Amino acid sequence: MQKNDGDTRPVDVKKIRELLDANNGARIRTWLSLCSRCGLCAESCFFYLAHNRNPKLSPAYKFKATLGELYKRKGHVDREFLHRCADIVWGECTTCKRCSMYCPFGIDVATLIAATRTILYSQGITPEGLARTVVNYRETGNQMGMSSEDFVDTCEWMAEESQDEIKGVTIPIDKHGAKYMYTVNPREPMFYPQDLAMMAKILTVAEEDWTMPSTGWDCTNLPMFAGDRALAGQVVRNMYEKALELGVQAILITECGHAYRSALFEGPYLAGYPDGKPPVPVVHSVQLFYEYIRDGRITIDPAKKIKEPVTYQDPCNVSRNGGLWEEGRKLVRFLAEDFRDMNPNRDHNHCCGGGGGYIPMGPEYKARRMASGRVKAEQIRATGAKIVIAPCHNCFDQVSDLNKEYQLGVKVMSFKEILCELMVVPEKFRPEVSEEDEGES
Amino acid sequence: MQAWYAFLTGPALWATFIIFLGGLVIRLTFLYGLSRERDRVFYNHMDWTWGLKSILHWLIPWGSASMRLQPVFSFVFIVFHVGLLAVPLFLSAHNILWDRAFGVSLWSMSDAWADALTMVVLACGVFLLIRRLVRPEVRILTTAWDYTLLGLTLTPFVTGFLAYHQWGPYEWLMILHVLSAEVLLVLIPFTKLGHMVLFFFTRAFIGFEMGARRGARAW
């Protein structure tokens, strides 16, 4: 529960009204006035399904009790009400957008929830985990507060490490005119630098022309989920402008879901591009990896293909909100012999429960995250899979946590990791092994 | 009584049509102006094919995943809408009135069909009412206004049905019949019943927002 915790700050009604007015476009106005309270949306929501069909978790109830109420009261609300709203818009919705497909009128509840988050943010209310990242973005341009030097050092270190396995691996920094500018989630350089190494190995073997930027390398956008629209726009602009400065052909996004949603779909609007298109094309890793294998730039060793049953976690922001569900599946089939799909799947998948900012919201939300993840856990269990491929960091963490909580007995993996294990390394990339080393091994 | 009836089917009817159509035009014009200014996302990604597919999948029974999840309700919901439109438009008594007033009329269905369809609409209405009362996820959303509008939607059907069969005070029933239908028409542009036209816009929008931009089926 998001508690009031003696929050006695006054409510800035004027500011709330300003935001209500700014959001009061034709869509939001129509959606709020049109909802016929039919209740069809309820069945589409995993929060509702995971909590024994608690009617308070139906999407219509959630926007009615928050944004609907704010409009009705014209912003004249108290702190208590705002904290109740916060509990709903962060604790009971991951803005996965599934319900908008199940509503006869196609009401985009995620947009209504996001608007509510901006209003709460304007009153100083946002989950602490997200608030911390906002400070980091503002100070360093990335959510974990990593300095540019540390980032570049990590890249160099990882390139060096990888040379033992693949000859000639480099991580080119700020290379002008490269085809792809590869952007990542800061947890990679901070906590899982081997993710950088794996990507460098894949791109090297594919003989890709790529670079990593020294700034604007964080493709995540947590201010978008925290409700800080201005900063969310700035974060995405940093990345776009760096890409333009380097003159790259496209921005390549790591295996992260919301980064893709931000860079390709919401970012242009957050950053104020009137045509709604990013200034540089945006490509997701899932797409690129699929093309590499399809086009023979990467070859998979047939003997190493995964024999154990595998399932694919459709990240909401890669599949439903990113359009890459078929590429993801074809990629899995290239890598595994026994692919078992979850049900429902593709664009109609269920959110794992880690999206929309939920994972970074931190430990105080974990118990709720585990409870609402029951739907995903049951979906995974029903496939009988031993490996879950999740091309999204938040899905990865959530499925890993669910694995423990529900004792699913699966291994969660990213595509990078599997590709590195399975790809054929051509002769020219095999490091020369000295006699002495060979003797030791 | 006669005078009342004459008023309701004369000047009041004209006023009703003007408010109904004018109201819809005003609401749509207002929303259009507002959207040009504030909803760039609507125009940036507009796509007729995805928009129409999205609408169509929600007009045919069980055409969407959502309807298939609740097959009984969604079937009732479609039959209810078909009846709501078909009975008033194709009732022969209504068409005779159109013909007398303007010399033009629509195709008419037989009275037996109209009678049966009216009963179906009423049965669907009762089903929707019961669903609102018993399903927790619907009850929690329901307001007094939802019951009022449902009642108001059914009143012309009940009164028309009783009057046709000459059950009860005919003149009173006819006055109530015309009056309730007029109130309903006047309310359409200004309430959730505006979905009569706005459905096509909101459904089309989510169709191309999910489909044209991402290839996802919003149905």
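**Stop 1: a salt bridge inside chain A**

Select A:Arg187 and A:Asp397: the two form a salt bridge, with the closest N and O atoms 2.6 Å apart. This pair links distant parts of the chain, since A:Arg187 belongs to helix α10 (residues 187-191) of chain A and A:Asp397 to helix α19 of chain A, 210 residues apart. Are these two residues buried or exposed? Both A:Arg187 and A:Asp397 are buried. Keep in mind throughout that you are looking at a predicted model.

**Stop 2**

Next, pick A:Asp341 and A:Arg329, whose side chains meet in a salt bridge at 2.7 Å, N to O. Here too the pair links distant parts of the chain: A:Asp341 is in the loop between α16 and α17 of chain A, A:Arg329 is in helix α16 of chain A, and they are 12 residues apart. Their surroundings can be checked one by one. A:Arg329 is buried, at a relative accessible area of 0%, while A:Asp341 counts as partly exposed at 24%.

Now widen the selection to A:Asp314, A:Glu326 and A:Arg346, and you have the partners that are linked with A:Arg329 and A:Asp341 in a network of salt bridges.

While you are here, move to A:Pro344, which sits in the loop between α16 (325-335) and α17 (366-372) of chain A. What kind of peptide bond joins A:Asn343 and A:Pro344? A cis one, with omega at about -5°.

**Stop 3**

Select A:Lys175 and A:Asp209. Their side chains meet in a salt bridge at 2.5 Å, N to O. A:Lys175 lies in the loop between α9 (148-162) and β1 (180-183) of chain A, and A:Asp209 in the loop between α11 (193-205) and β2 (210-211) of chain A, so the pair ties together parts that are 34 residues apart in sequence. A:Lys175 is partly exposed, with a relative accessible area of 36%, and A:Asp209 counts as partly exposed too, at 28%. For the whole model, the count comes to 38 salt bridges over all chains.

**Stop 4**

Go to A:Thr116, in helix α7 (residues 109-122) of chain A. Where does its side chain reach? To the backbone oxygen of A:Leu112, at 2.8 Å. A:Thr116 is buried, with a relative accessible area of 0%. Leaving aside neighbours within four places in sequence, show A:Thr66, A:Leu67, A:Leu70 and A:Val89, with which A:Thr116 is in contact.

Then check two backbone angles. Phi of A:Lys74 is near 50°, a positive value in a residue other than glycine; A:Lys74 is found in the loop between α4 (59-72) and α5 (79-91) of chain A. A:Gln407 also has a positive phi, near 45°, and is not a glycine. You'll find A:Gln407 in the loop between α19 (393-405) and β7 (411-413) of chain A, where it is exposed, with a relative accessible area of 67%.

**Stop 2: over to chain B and helix α6**

Switch to chain B and color α6(B). With 20 residues at 1.5 Å a residue, α6(B) should span 28 Å, and its end C-alpha atoms are 28 Å apart, which agrees.

**Stop 3: where the chains meet**

Finally, show both chains together. In contact are 48 residues of chain B and 48 residues of chain A. Between them the two chains bury about 4100 Å², 58% of it on carbon and sulfur atoms.

How many salt bridges does the rule find across the interface of chain B and chain A? Four. To see a salt bridge between the chains, select A:Arg37 and B:Asp146, whose side chains meet at 2.8 Å, N to O.

On the side of chain B that touches chain A, the elements supplying at least two residues each include α2 (11-38), α8 (111-134) and α10 (144-164). The largest share, 11 residues, comes from α12(B). Color that side by class and you get 22 nonpolar, 11 polar and 15 charged residues.

Conventions: Residues are numbered from 1 along each chain as its sequence is written. Chains are lettered from A and ligands numbered from 1 in the order in which they are written. This is a predicted model: local features need pLDDT of at least 70, side-chain atom pairs count only at pLDDT 80 or more; totals for chains, interfaces and linings use all residues. Side-chain values use heavy atoms; hydrogens and water are left out. Contact means heavy atoms within 4.5 Å. Buried area is the accessible area (1.4 Å probe) that two parts lose on being put together, summed over both. Helices (H or I, at least four residues) and strands (E, at least two) are DSSP runs, numbered from the N terminus. Ala, Val, Leu, Ile, Met, Phe, Trp, Tyr, Cys and Pro count as nonpolar, Asp, Glu, Lys and Arg as charged, and the others, Gly among them, as polar. Buried means under 20% relative accessible area, exposed over 50%, partly exposed in between (1.4 Å probe, protein chains only). A polar contact is a pair of N or O atoms within 3.5 Å; within protein, one must be able to donate a hydrogen and the other to accept it, and residues adjacent in sequence count only if both atoms are side-chain atoms. The expected span of a helix is 1.5 Å times one less than its number of residues.
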